Amino acid sequence: MKFLLLAGGRAASAPETVTATDYLKRAALAGKKIGLKDAGLVEIDERKANWLEALPKGGVLAALDERGTNASSTELAAWLRKHLDSGIPALALAIGAADGLPTPVKAAARETFAFGRATWPHMMVRVMAAEQIYRAVTILTDHPYHRV
């Protein structure tokens with residue numbers, strides 16, 4: 001399975017994007033033994049309606065939104081495991097830009113998560129989401145990165 005972080009906005013050389021990409025590369029390397037074939041960040045031009053086109057055929061979409069479910073790192077790991085075991089080709093997590101996610105993206109998402117009740121800058125959420133995916137992979141592979 002491939003994991004995609006769909007991120008609204010265009011900031012390929014921003015430090016947050018570089019850091020998020022690094023975490024996703026780590027996740028892909030560590031996740032090979034559990035069936036994660038690749039992980040990457042896809043920047044979406046929020047002025048265009050290409051969000052859903054970035055999702056591979058047969059892929060599952062989830063969203064990050066302030067009204068979503070607050071999940072612990074171990075709950076996110078279980079969510080990732082469920083999708084790894086399901087045989088889907090791709091799993092994507094969408095992060096809106098400054099104005100949030102478009103309504104059609106929210107409607108297409110099977111699940112919606114939040115990082116607490118606070119409002120976070122969308123560029124920081126890239127890093128937070130990528131780190132949580134890496135953390136989920138380390139939980140699933142019994143790596144000591146995640147300490148309880």
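Predicted model: local features only at pLDDT ≥ 70, side-chain atom pairs only at ≥ 80, totals over all residues.
Q: Is E131 buried or exposed?
A: The relative accessible area of E131 is 10%. Buried means under 20%. So E131, at 10%, is buried.

Q: Which residue has a side chain joined to that of E131 by a polar contact?
A: Setting aside neighbours within four places in sequence, E131 is in contact with Y23 and Y145. For one of these, the side chains are joined by a polar contact of 2.8 Å. That partner of E131 is Y145.

Q: Are α1 and α4 roughly parallel or roughly perpendicular to each other?
A: Helix α1 covers residues 15–31. The axes of α1 and α4 are 8 Å apart, and the angle between the two helices is about 15 degrees. Angles under 35 degrees count as roughly parallel. So for α1 and α4 the answer is roughly parallel.

Q: Is the crossing of α1 and α4 left-handed or right-handed?
A: These two helices pack with their axes 8 Å apart. As for its hand, the crossing of α1 and α4 is left-handed.

Q: How many nonpolar residues does the contact of α1 with α4 have?
A: On the α1 side, the contact includes T17, A20, Y23 and L24, while α4 brings in residues including M123, V127, E131 and Y134. Sorted by class, the contact of α1 with α4 has three polar and four charged residues. The nonpolar count is twelve.

Q: Which residue has the backbone oxygen that the side chain of T17 reaches?
A: T17 has its place in helix α1, and at 5% relative accessibility T17 is buried. Not counting residues up to four places away in sequence, T17 touches A11, A12, L41, E43, M123 and R126. The side chain of T17 gets to a backbone oxygen at 2.8 Å, and that oxygen belongs to A11.

Q: Are α2 and α4 roughly parallel or roughly perpendicular to each other?
A: Helix α2 takes in residues 73–86, and its axis comes within 8 Å of that of α4. The two axes cross at roughly 75 degrees. Angles from 65 to 115 count as roughly perpendicular. So α2 and α4 are roughly perpendicular.

Q: How far apart in space are L140 and A78, C-alpha to C-alpha?
A: L140 is partly exposed, at 22% relative accessibility. Beyond residues up to four places away in sequence, L140 touches I34, A77, L80, R81 and L84. L140 and A78 are 62 residues apart in sequence, yet their C-alpha to C-alpha distance is 8.2 Å.

Q: What is the phi of D142 near?
A: D142 is found in the segment after α4, and at 71% relative accessibility D142 is exposed. Most residues other than glycine have a negative phi. D142 is not a glycine, but its phi is positive, near 60 degrees.

Definitions and conventions. Residues numbered from 1 in each chain as written. Heavy atoms only, no water. Buried < 20%, exposed > 50% of the residue type's maximum accessible area, 1.4 Å probe, protein only. Polar contact = N/O pair within 3.5 Å; in protein donor to acceptor, adjacent residues only side chain to side chain. Contact = heavy atoms within 4.5 Å. Helix = DSSP H or I, 4+ residues; strand = E, 2+ residues; numbered from the N terminus. Axes fitted to C-alpha atoms, helices over the stretch in contact; angles between N-to-C directions. Parallel < 35°, antiparallel > 145°, perpendicular 65-115°, else oblique. Left-handed = near helix turned anticlockwise from the far one by under 90°. Nonpolar A, V, L, I, M, F, W, Y, C, P; charged D, E, K, R; others polar.
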